[in-house]
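I am opening these notes to keep track of what I looked up, entry by entry.

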Amino acid sequence: MPATMAVRRPGELGRRPEGCAGAKPHVCFVAPYLWPVLSRDPEIKIVGGAEVQQSILARLLVRNGYRVSVVTLDYGQPDGVEIEGVTVYKTYGMEEGIPVLRFLHPRLTRLWGALRAADADIYYQRSASMTTGVVAEFARRHGRRAIFAGASDNDFQRGREQIRFTRDRWLYWHGVATVDRVVAQNPEQVRLCREQFGRDATLIPSCYELPETSRPEQGELVLWVATIHEYKRPEWLLEVAKRLPHRRFVMIGGVSTRGTRLTPGYYESVKQAADALPNVEFKGFLPLAQAEAYFDRARVFLNTSVHEGVPNTFMQSWARGVPTVSTVDIGARSDGQPVYPMVQDPEGAAAEVERLCSDELHWARASARCRDYFEANHSPAQTLARYERIFRELAKA
């Protein structure tokens, strides 16, 4: 009887296949907020960069013959449902349980149970959270392998993670110390991981694929897409719009629902300020598929964050040849030169945006530079090859 069909007692994990060095492992993505992105449910207003990236990776692995599963929150979906070849196991509802006590039940108990139900060879978890520690401990106790992937530079700076409670931060630190592999998005994260955690991280840039429905055109929009949170500094976009009243701006982003708490009324104040500007269209939350259409119509993408990792929005732009202007340096270089201009304030951002909007030759050069960089560094094929190298190493461990 094949190992995957072996009969076992309820709750007992299956044995890892032996003598199958060439067999592809079962990879489980442990991602509480992944269901809305994976299922493309437009009614659930959560679209995070880490979730978009994991959804891309999950589908990429399925297409290349891997068995893939996901452990995620309970959004009302059936347990064990399959989406495009990915089996989804649910844990608990976001607000389920009694405060304080719910840390143990239903959160820890159901997360642990879902990890057992998935019965994977490799558990992959992205973004700093207490889940990192739980996944690492589960893998250690059951002879499985665990990978942690950073989603932001702050994930590798102790005390600056978007984690509210000291207890959860300690679990995260424990997880980074004990997982089998750490994956970083850019060279700065590799450096920080070694400096802050004493661990070597494997550099694997994020990847992206243009939707089949995408029809990029040389649009006129100045686009801003992010969750509405203080560290994303949406008010900077509004300042740029005030300086360029002849340009059309589109803001896309829902209220932040996790990590550090949002100042009460912040989202509403940003929306009110945007609505007061005639050249700004505030869209609020949009499902991923609808947001993609605005990248097709963008002339420039503007990022105003305090910190980032490798934003999916950059790849969504670069794959279409849309130049970016940003306040953060993610280490993107071509022949030693930055792929995009970095700015220090709204005034500098406005100057760069206006040049890209008014100077056709400058825009064409910037467009070609970012498109070439994307194809050389963020293609799905390259990302798959890098992860498969890790999978082979873990299989031998």
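With which residue does K283 form a salt bridge? Working in what is a predicted model, I found that the partner of K283 is E281, with the closest N and O atoms 3.0 Å apart. I then looked up how open the two residues are: K283 counts as partly exposed at 28% relative accessibility, and E281 is also partly exposed, with a relative accessible area of 26%.

Next entry, on charged pairs elsewhere. I searched the whole structure and the search returned 26 salt bridges. I keep in mind that side chains of opposite charge can pair when their charged atoms come close.

One of these salt bridges joins the side chains of E137 and R140, at 2.4 Å from N to O. I placed both residues in helix 4, which covers residues 130-142, where they are three residues apart, or about one turn of the helix.

Because E188 and R191 are three residues apart in helix 6 (residues 187-197), about one helical turn separates them. I have E188 down as partly exposed, with a relative accessible area of 32%, and R191 as partly exposed at 36% relative accessibility.

For R40, R59 and E84 I recorded a network of salt bridges that links the three residues.

Next entry, on a loop residue. I located Q162 in the loop between strand 6 (145-149) and helix 5 (166-178), and its relative accessibility of 29% makes it count as partly exposed. The side chain of Q162 is joined to that of Y231 by a polar contact of 3.3 Å. I also checked Q162 against A128, which is 34 residues away along the chain, and their C-alpha atoms are separated by 7.2 Å.

Last entry, on the cysteines. How many disulfides does the structure hold? I found zero. C357 is in no disulfide, and its nearest cysteine sulfur, that of C370, is 14 Å away; a disulfide would need the two sulfur atoms within 2.5 Å. C370 is likewise in no disulfide, its nearest cysteine sulfur being that of C357.

Note on methods
Residues are numbered from 1 along each chain as its sequence is written. This is a predicted model: local features need pLDDT of at least 70, side-chain atom pairs count only at pLDDT 80 or more; totals for chains, interfaces and linings use all residues. Side-chain values use heavy atoms; hydrogens and water are left out. Helices (H or I, at least four residues) and strands (E, at least two) are DSSP runs, numbered from the N terminus. Buried means under 20% relative accessible area, exposed over 50%, partly exposed in between (1.4 Å probe, protein chains only). A polar contact is a pair of N or O atoms within 3.5 Å; within protein, one must be able to donate a hydrogen and the other to accept it, and residues adjacent in sequence count only if both atoms are side-chain atoms. A salt bridge is a side-chain nitrogen of Lys or Arg within 4 Å of a carboxyl oxygen of Asp or Glu.
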